[in-house]
Amino acid sequence: MKEEKIELIKDGKRLDGRGFEDLRPIKIEVGVLKRADGSCYFELGNNKALAAVYGPREKHPRHLQDAKTAVVTYRYNMAPFSVDDRKRPGPDRRSVEVSKVSREALDPVILKEYYPKTAIDVYVELLQSDAGTRTAGINAASIALAAAGIPMRDLVSSVAVGKIDGEVVLDLNAVEDNHGEADMPVAMVARTDAITMLQMDGRFTKDEFERGLKLATKACHEIYELQRTALIEKYSESVGKGEE
Amino acid sequence: MGIEVMADIRKDYVYDLIESGKRVDGRGFRDYREISVERDIINKAEGSALVKIGDTAVLVGVKLEPGTPFSDAPNKGILMTNAELRPGASPDFELGPPNENSVELARVVDRGIRGSEAIDLEKLCIEEGEKVWMTFIDIHPLDNDGNLVDAAALGAIASLLNTRIPNDRYELTGEDTLSIRDTPVAVTMIKIGENILVDPNLYEANAATSKLTVISNADGTISGIQKSGTDGLKEEEIAEMVELGIEKAGEIRKKYLGDIEA
């Protein structure tokens with residue numbers, strides 16, 4: 001298969017019919033796993049992300065404990081069948097980096113100092129991937145942490161912006177990502193507007209970068225409302241039924 | 001425990017000093033340490049550079065060998081960037097498989113080269129679908145006193161600018177020099193308190209809660225960004241850092257890469 005130039009924007013619309021500043025459809029389910037302390041299923045277009053959180057629990061082995069705070073681990077993992085060409089199971093260099101930046105995206109909101117010597121483990125599985133997977137994973141993980149009852153300063157919301165056919169657009173899908181000119185995943189704390197993850201590859205002018213960041217910020221606020229609503233709906237429902 | 005206490009005291013010292021407008025080594029907030037770039041110091045490599053930023057030293061070597069192209073890009077050469085944080089470069093580095101820090105270092109450098117399209121990968125095609133040049137950039141930190149990424153990225157582009165294609169060794173014919181179209185330069189900044197500092201040394205990097213690397217090109221466009229660290233940055237702070245990063249990259253490019261035709 002040879003790389004072909006394809007037109008990603010036709011009549012001001014993207015191939016999937018979206019405008020430049022539109023998110024893909026989002027679906028959120030909270031508390032979908034029985035064994036995890038907190039969990040969340042998050043769909044972003046064709047991405048299907050599942051986050052499971054365990055902890056705070058005792059950190060093993062002991063020498064990895066921190067006497068002052070909890071230690072947060074984050075594992076981002078793509079299922080072998082989640083992409084067109086089967087992905088070899090297990091961590092690769094990309095997933096190691098994604099795990100690191102995702103952990104750092106969430107770290108600032110977790111009140112780790114409440115739980116010295118413990119582990120808070122976040123496992124994110126991408127069951128289906130369609131670009132923007134790390135952002136879907138962070139959105140899911142953030143909700144799963146809250147669902148696990150871990151004290152947090154706020155939720156973290158995440159989205160990517162990119163450049164296709166010379167235009168700065170929100171939330172690239174896989175076709176757009178593969179044929180696009182730039183991709184920039186962003187995560188932020190909506191309440192304080194603090195940006196906790198920022199990566200960029202491809203090529204942006206300074207102006208495109210600034211417009212992209214603004215677009216991402218706006219979309220993170222939209223996602224934040226969906227995350228909040230999903231948590232409120234889940235737990236007001238259980239309170240109503242007299243559950244814990 | 002002793003080491004941890006010392007580390008905390010040092011962090012407080014660095015922080016207090018910066019709050020009073022000074023840096024540990026007396027530099028201004030927007031100044032780099034002294035930089036030096038020596039090219040072609042490893043004869044066996046197709047390209048090489050030793051970059052020093054203050055006491056940080058990184059050796060970068062480039063090797064080329066023929067290989068099979070990826071099926072989705074049959075007419076393009078392959079670029080691979082690798083970094084190894086060897087224990088000789090720091091008491092904090094351990095033997096073993098690549099960890100997240102070495103992977104991040106390699107991938108950020110790679111992103112800058114790839115995003116800028118500095119290497120014309122199509123020119124590295126020997127026989128479409130069959131044989132292409134694989135270009136390996138190996139990052140070899142020798143001494144870590146902070147800001148490995150800027151030194152590694154500078155070493156990578158400096159090496160590539162001097163890279164010869166080893167046609168003779170593989171009994172091939174073709175161009176003997178690697179054609180380089182752009183010169184991406186990485187500039188790393190940290191935030192300590194409310195202050196933004198360029199080129200953190202190790203003490204400063206350890207005291208900082210967030211770090212941003214901006215890789216920019218000769219025309220001022222950006223071809224890579226990576227935020228790391230456990231604290232958020234405001235949009236205005238990021239904008240300031242991006243602007244500063246582009247400015248500093250321009251200075252470095254002119255001084256250390258300028259004498260080569262890009």
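B:Asn99 caps the N-terminal end of H2(B), with a side-chain oxygen 3.0 Å from the backbone nitrogen of B:Asn101; a polar contact is a pair of N or O atoms within 3.5 Å, and within protein one must be able to donate a hydrogen and the other to accept it, while residues adjacent in sequence count only if both atoms are side-chain atoms. This is a predicted model, in which local features need pLDDT of at least 70 and side-chain atom pairs count only at pLDDT 80 or more, whereas totals for chains, interfaces and linings use all residues. Residues are numbered from 1 along each chain as its sequence is written, chains are lettered from A and ligands numbered from 1 in the order in which they are written, and side-chain values use heavy atoms, with hydrogens and water left out.

Helices (H or I, at least four residues) and strands (E, at least two) are DSSP runs, numbered from the N terminus. H2(B) has 17 residues and reaches 24 Å from its first C-alpha to its last, close to the 24 Å expected at 1.5 Å a residue; the expected span is 1.5 Å times one less than the number of residues. Of its 17 residues, 13 are buried, so H2(B) is largely enclosed by the rest of the structure. Buried means under 20% relative accessible area, exposed over 50%, and partly exposed in between (1.4 Å probe, protein chains only). H2(B) is followed by B:Glu117, whose phi is positive, near 55°. In the loop between H2 and strand E5 (125–127) of chain B is B:Asp120, which counts as buried at 16% relative accessibility.

An open sheet is formed by eight strands in the order E9(A)-E8(A)-E10(A)-E11(A)-E10(B)-E9(B)-E7(B)-E8(B), with antiparallel pairing; two strands pair if DSSP finds at least two bridges between them. Strand E9 (167–170) of chain A and strand E8 (195–198) of chain B stand at the edges, each with a single partner strand, so one side of each is left without a neighbour in the sheet.

A search of the whole structure finds three aromatic pairs over all chains. Rings of Phe, Tyr and Trp (its six-membered ring) pair if their centres lie within 6.5 Å; planes under 30 degrees apart count as stacked, over 60 as edge-to-face and the rest as tilted. Two of the pairs are tabulated.

| Pair | Centres apart | Planes at | Class |
|---|---|---|---|
| A:Tyr54 and A:Tyr123 | 6.0 Å | 65° | edge-to-face |
| B:Trp133 and B:Tyr170 | 5.9 Å | 70° | edge-to-face |

B:Trp133 counts as buried at 4% relative accessibility, whereas B:Tyr170 counts as partly exposed at 31%.
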